[in-house]
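Please open the model in your viewer and keep the selection tool at hand. We will go from stop to stop, with a short note on what to select and what is there.

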There are 2 protein chains.
Amino acid sequence: MSLLVQKFGGTSVATAERIESVADKISGFHKRGDNIVVVVSAMSGETNRLIKLANRIDETASSREMDALLSTGEQVTVALLCIALHKRGCKAKSYIGSQVPILTDNAYSKARILDIEPSRIQKDLAKGQVIVVAGFQGVDEQGNITTLGRGGSDTTAVALAVALKAEECQIYTDVDGVYTTDPRVVENARRLDSITFEEMLEMASQGSKVLQIRAVEFAGKYKIPLRVLSTFNEGSGTLITLEDNLNMEKPIVSGIAFNRDEAKLTVRGIPDIPGSAARILGAVGRANIEVDVIVQNVAQDKTASLTFTVHRNEMKKAEDVLNKVAIELGATSVESDENIAKLALVGVGMRSHAGVAATMFDTLGKENVNIQMISTSEIKITVVIAENLLDLSVRSLHSIFGLDQDTVDL
Amino acid sequence: MSLLVQKFGGTSVATAERIESVADKISGFHKRGDNIVVVVSAMSGETNRLIKLANRIDETASSREMDALLSTGEQVTVALLCIALHKRGCKAKSYIGSQVPILTDNAYSKARILDIEPSRIQKDLAKGQVIVVAGFQGVDEQGNITTLGRGGSDTTAVALAVALKAEECQIYTDVDGVYTTDPRVVENARRLDSITFEEMLEMASQGSKVLQIRAVEFAGKYKIPLRVLSTFNEGSGTLITLEDNLNMEKPIVSGIAFNRDEAKLTVRGIPDIPGSAARILGAVGRANIEVDVIVQNVAQDKTASLTFTVHRNEMKKAEDVLNKVAIELGATSVESDENIAKLALVGVGMRSHAGVAATMFDTLGKENVNIQMISTSEIKITVVIAENLLDLSVRSLHSIFGLDQDTVDL
């Protein structure tokens, strides 16, 4: 008899009918003998409905009151899911954040979980009850309602799995697992049976938005096996776990992540004075613009050029900042380009295999793809290329690294 | 600087726009220097929306989960009202039941308030904040969410007024006070400046549904002046208070209450054996049918006949019960009539004035209204008459007891 924490997102509980399907699934597991703790999000659309309602009054509403408002979304779902479970003869009890309690800090709208007191839930589990917990929310020491920010239900699920020492934390979603790359770009993309936490983090931060990054970090830190699987189809999904647990024949590259959300900025002709890069990036940071890939080169004339990427929505803002700093520093020009894409090969296997980068650059070269920026880490190689060459590049790399699905499905 | 508890019902906060109007009103009082604790209901329609959602899954949902579900309605309103108050530069803080805390027993869907801990609210009041409390809900000793039943927000308001020793508890609603009778029936019906708790209880239980009975009882018990007034119009409304505080020239009759919700049942030819009435009413009670007016007479042949009224929806059910009991007792017949109405004169002045009943019966007689049942208490005379004669009867009595509005308003 194992203890599972299962999280169902907003799409999975979007209507009364879907809540009933989820209840069918859960009561099946429960009858099989598992101890189940369920975490649910608000019915999809509900959080936006509440935000709209608040915005009609004031678009700059205080975050304490926004948290009190938005936390009702999950509260509705836990009650409805328990009602559906009871109808199936399955004992179940709802918990909102303050009832567990899930203790957080006081950072409204982006609170961090400080502690989860497991004893009340454990008592109810011992009585054979399915525990249904409202995701995304908690309570601070003064009893104020807090929320963990969008997607925070994944974090709630992992934190509960840690606190209750669960066997596995299962994230039910509308995809049936983590893929080698986006199946909309590469038809032969393959569902991965397993992936390491590190790889998943790299995949997630690169735009494979299956799981919230915080939840993956959290699960990795506490070594809780995490599984992504589909609410609507059968299947074992993708298990995210420690490297040790994986089979020996781990492929070199596990997946290809990419995104089209970024823009590239370059400052040229920066006088070669110590601290120039820091002054430029400092100014960008003070304007609250997040910087992603950064590359610096020294040109023949001994001046430097600094290139970095930001979210596309912030390109104009970043350009304004750079134009000012460029004058102060005596740099020669500021350039920007929003027609770029970022592509990353991810895989723990890279650590022990030289030549992955060489194969990657060679493949892109043969396709006449000019690599504008390169950045590497132990398990990832990121390149920035022209946006219109992205799909072609992803397909070629997917094939060359053997990620394609077997064409014959037996 | 006085402390006021103000309650705004569902119609008063039905839309974002109305919530803004309520915020205008409250911030006005606050600027004037009053300490304000506001109690709000769910936006009208919201509770029904949630009930429908639950009913789509199961119409016999557990009351614990229904309470968790329904309590979100008020939580949404408190957050939105605080957002609207902040926008007006008015410091405000929302409280849900468990945050106050409002401690109740464990009777889900009809919980009773056991205790209110005022210290947290008092601390925030001392900081100059308007306190906005979710009505209708509380929390039991185990931390479960409970609700007080429909209309329970009035009770929340009165209980807070008691706990905080407020000067007055003001119930804002869509009528501008308590009237001598329903203005839809008697055009000249007059708003009462004041009425006693006892009178209000009799008016309320007879169908003048301005205030929840429990709230009136509660306010009376703890001597908290209660005021009913309009959210949408100016005016001082109706003050419900102790008899002592009213002026000397209190009229004999304060108002006329009536309803058309009941049906009448009669069992005839009951053998004159001790305990017969108890057996009949006992059987009705065991079937969970509530009985209102009861009259028993002994006929010439020494058999008795028992007549009582029940809610019209339960007439058929009551008839079935009576038919069985009648056979057991050897009674001769069971009759039912749903074309009846109940009418009551209410007034503390009756206590010291004989002749009110005589005037009432005389007036009805002159109008050829046959009185089917009579029941009296210290401050009320109730009669049951044919439904089609109700309007006529109310108008005649309203006029004869001098309740009509002066036709000339100076």
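Helices (H or I, at least four residues) and strands (E, at least two) are DSSP runs, numbered from the N terminus. The model is predicted, so local features need pLDDT of at least 70 and side-chain atom pairs count only at pLDDT 80 or more, while totals for chains, interfaces and linings use all residues. Residues are numbered from 1 along each chain as its sequence is written, and chains are lettered from A and ligands numbered from 1 in the order in which they are written.

**Stop 1: a loop in chain A.** Select Lys223(A), in the loop between α7 (213-221) and β11 (226-230) of chain A. Its phi is positive, about 55°, although Lys223(A) is not a glycine. Most residues other than glycine have a negative phi, and most peptide bonds are trans. Is Lys223(A) buried or exposed? Lys223(A) is exposed, because 12 other C-beta atoms lie within 10 Å; the cut-offs are 20 or more for buried, 12 or fewer for exposed and partly exposed in between, with C-beta atoms placed from the backbone.

**Stop 2: a loop in chain B.** Now pick Asn288(B), between α8 (276-286) and β15 (291-298) of chain B. Its phi is near 60°, again positive in a residue other than glycine. Asn288(B) counts as exposed, with 8 C-beta neighbours inside 10 Å.

**Stop 3: two cis bonds.** Go to Pro101(A), in the loop between β3 and β4 (102-104) of chain A. The peptide bond from Val100(A) to Pro101(A) is cis, with omega near -10°. In chain B, the bond from Val100(B) to Pro101(B) is cis too, with omega near -15°.

**Stop 4: the sheet of chain A.** Colour the strands in the order β3-β6-β2-β1-β9-β11-β12-β10 to see an open sheet of eight strands with mixed pairing; two strands pair if DSSP finds at least two bridges between them. β3 (92-95) and β10 (194-196) of chain A are at the edges with a single partner strand each, so one side of each has no neighbour in the sheet. For a parallel pair, look at β1 (residues 3-8) and β9 (residues 168-173) of chain A, joined over five bridges. Lys7(A) has Ile171(A) as its bridge partner in β9(A).

**Stop 5: a helix in chain B.** Select α1(B), whose 17 residues should span 24 Å at 1.5 Å a residue; its end C-alpha atoms are 25 Å apart, which agrees. The expected span is 1.5 Å times one less than the number of residues. Among its buried residues are Ile19(B), Val22(B), Ile26(B) and His30(B). Viewed down the axis, the buried residues of α1(B) fall within an arc of 160°, so they line one face of the helix; the arc is that of the directions from the helix axis to the C-beta atoms. Glu17(B), Gly28(B) and Arg32(B), on the other side, are exposed. Just after α1(B), Gly33(B) has a positive phi of about 110°.

**Stop 6: where the chains meet.** Show both chains: 29 residues of chain B are in contact with 29 residues of chain A, contact being C-beta atoms, placed from the backbone, within 7 Å. On the chain B side, α3(B) gives the most, with 14 residues. Finish at Gln75(A), in helix α3 (residues 63-87) of chain A. Gln75(A) is buried, with 24 other C-beta atoms within 10 Å. Leaving aside neighbours within four places in sequence, Gln75(A) is in contact with Ile96(A), Ala134(A), Ala68(B) and Thr72(B).

Conventions
Two residues are in contact if their C-beta atoms, placed from the backbone, lie within 7 Å.
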